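Open your viewer and keep the selection panel handy. We will walk through a few stops together, one selection at a time.

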Amino acid sequence: MPDPASPPVRPDHSAILDIVTPRSRVLDLGCGDGDLLRALREQKGIDGRGIDRDDRAVIACIGKGVPVYHGTILEGLSLYGDGEFDFVILSQTLQQTIEPDRVIADMLRVGRRGIVTFPNFGRWSLRIRFLLTGRLPSLHGGPWRWYETPDILRLSIADFRAYCARKGIAIIESRFLSPSGRCVPRFWANARASTGAFVIARRPG
Amino acid sequence: MIPRDSVGLVRTLEFRLAEPADGLPLDSGGKLSPVTLAYETYGTLSPEKDNAVLICHALSGSAHAAGYHSPDDAKPGWWETAIGPGKAFDTDTYFVICSNVIGGCSGSTGPGSIDPATGKPYGMRFPPVTIGDTVRAQKRLLDHLGIPRLLSVSGGSMGGMQVLEWMMAFPDSVASGIPIATTARLSAQGIAFDAVGREAIMTDPGWKGGDYYGDRGPASGLAIARMIGHITYLSDEAMHRKFGRRRRNGLANESALAKEFEVEGYLEQRGASFINRFDANSYLYITKAIDCYDPAQEHGSLVKAFARGKAKVLVISFSSDWLFPTYHSKEIVRALKANGIDCSFCEIQTSHGHDAFLLECPEQTELIRGFLRRVRREARA
């Protein structure tokens, strides 16, 4: 079977493709079908690994030649030693994790840098919808309702910044994206961006 | 009629790999000679000799992994679902080799072979053999076939143990490995089932200390061993779906202890067909080789055992396999990862139990196909 045609690149994927340095070692947590790792391999020559808990996703990854571990993120992370990767990625996965604090701590153990992207729950449109209707908007404007969405956490760019400050995590770089993938200026990003993308690292010492 | 997607008519070949002057060194000490290894091949070896895939069989398997020995054969080789044109191990692309194990009874040297010292079958005088012995014999076969490096080595159950052993013993001779539904050391539960099977054989009066050749032999003991084995290869759900509590026709009124349930009939039939094709002493030797396989003990730990490994690996397990449960596969993955080895892992959701790897399994096909394609691409780059 030939490889299926590449779908349009997800906005946060283009940001990650831009951030990751060529020929680095990359681990993608919740890698799904492996599209990001394949794009990174083809465009940046990286040596990539994935972790996903869904067997269909794992089979799709291996079909694309992407090495992957079938299991939970924390279990998969435990297989790796300290600093084994240049980048560990949580691309639109953080909001689906049960223990985000442990996941972030362990991703910064096995990777020198973490790249975290997530839907920003602080943006105006969502705030207004909640204010007016009193009902939680879905994160992606998608069809999922609160009782069926895989997105079990809701956080804003401001929440994530506060978390990093509290945990002593350095934010090396931050990017803010509009729904179409365009960069949003830093000013009032928490109110204007639909996606936040952060490069983080443990503070030395 | 032979199906189109089969490798077609094949025959088992024999390779004499050890003459008295050049015996096969055994893990138990000493050397064995002469040694014959039965094998089959499918597909064509590329001029670069870079498309060879070795298939290793499980306890009751043989070199006959695919195709038919004659047009009237009722059954094809044991892994017909996976080997052939367009299948997981695509014989249009790969040169597939399957060899019998040492100690077997399907053309290779085993306890039923003639002991040159006595002119009679070895019986229990056959030396203990190990997974490592078989892999060393297979290496001689590949040298004979002129294949310096395998693109991949794969097998399920005991075949998976051989895959692990290949990566440990001959790291420079394998580009990749696909161990399926296997373990790096059998659990106490697994050993227990094998022990009951061996006990059934050795307590059969027909066994006669292993010197039964020419007689009927321990037929009922071997059949019982096989029946026990079959229970462990299925799962609760698979058995329920296959047989439920259904009864066989016409047996209800026969006697209080008639084998009235369908599952009883199935096991009886499996046992009966096994005694026609398998040697009881081989069953003893091979199950013992499985039970004793323990590279972690041999090397100090499983992590150390893979220290020289460099093959890329795809580990596959099945969710309902309780004989070789998923956590065994995960231990293998953990040890490989600790050595920085490029290793993928997938647990396939299925109710078919341990035997799932032998059945038609689209997920397994997709995994193997994708993995081999990548390994080939990277080996050529």
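What percentage of the 381 residues in chain B is buried? Buried residues make up 52% of them, where buried means that 20 or more other C-beta atoms, placed from the backbone, lie within 10 Å of a residue's own, exposed means 12 or fewer, and partly exposed is in between.

A word before we move on. This is a predicted model, in which local features need pLDDT of at least 70 and side-chain atom pairs count only at pLDDT 80 or more, while totals for chains, interfaces and linings use all residues. Residues are numbered from 1 along each chain as its sequence is written, and chains are lettered from A and ligands numbered from 1 in the order in which they are written.

**Stop 1: chain B as a whole**

Select chain B and colour it by secondary structure. You will find 11 helices and 14 strands; these are DSSP runs numbered from the N terminus, with helices being H or I of at least four residues and strands E of at least two. Chain B is as compact as a globular protein of its length, because its radius of gyration of 21 Å is close to the 21 Å that the globule rule gives for 381 residues. That radius is taken over C-alpha atoms, and the rule is 2.2 Å times the number of residues to the power 0.38.

**Stop 2: where the chains meet**

Now show both chains. Here 13 residues of chain A are in contact with 19 residues of chain B, contact meaning C-beta atoms, placed from the backbone, within 7 Å. Helix H3 (55-63) and strand S3 (68-70) of chain A each supply at least two residues of the side that touches chain B, and H3(A) gives the most, with 5 residues.

**Stop 3: helix H3 of chain A**

Zoom in on H3(A). Its buried residues include Val58(A), Ile59(A) and Cys61(A). Around the buried residues of H3(A), select what they pack against: strand S2 (47-52) and S3 of chain A, together with strand S13 (312-318), strand S14 (343-348) and helix H11 (362-380) of chain B. After H3(A) comes Gly65(A), with a positive phi near 80°.

**Stop 4: Thr117(A)**

Finally, select Thr117(A) in strand S5 (residues 111-119) of chain A. Thr117(A) counts as buried because it has 25 C-beta neighbours inside 10 Å. Beyond its neighbours within four places in sequence, its contacts include Asp12(A), Ser91(A), Gln92(A) and Thr195(A).

Methods: Two residues are in contact if their C-beta atoms, placed from the backbone, lie within 7 Å.
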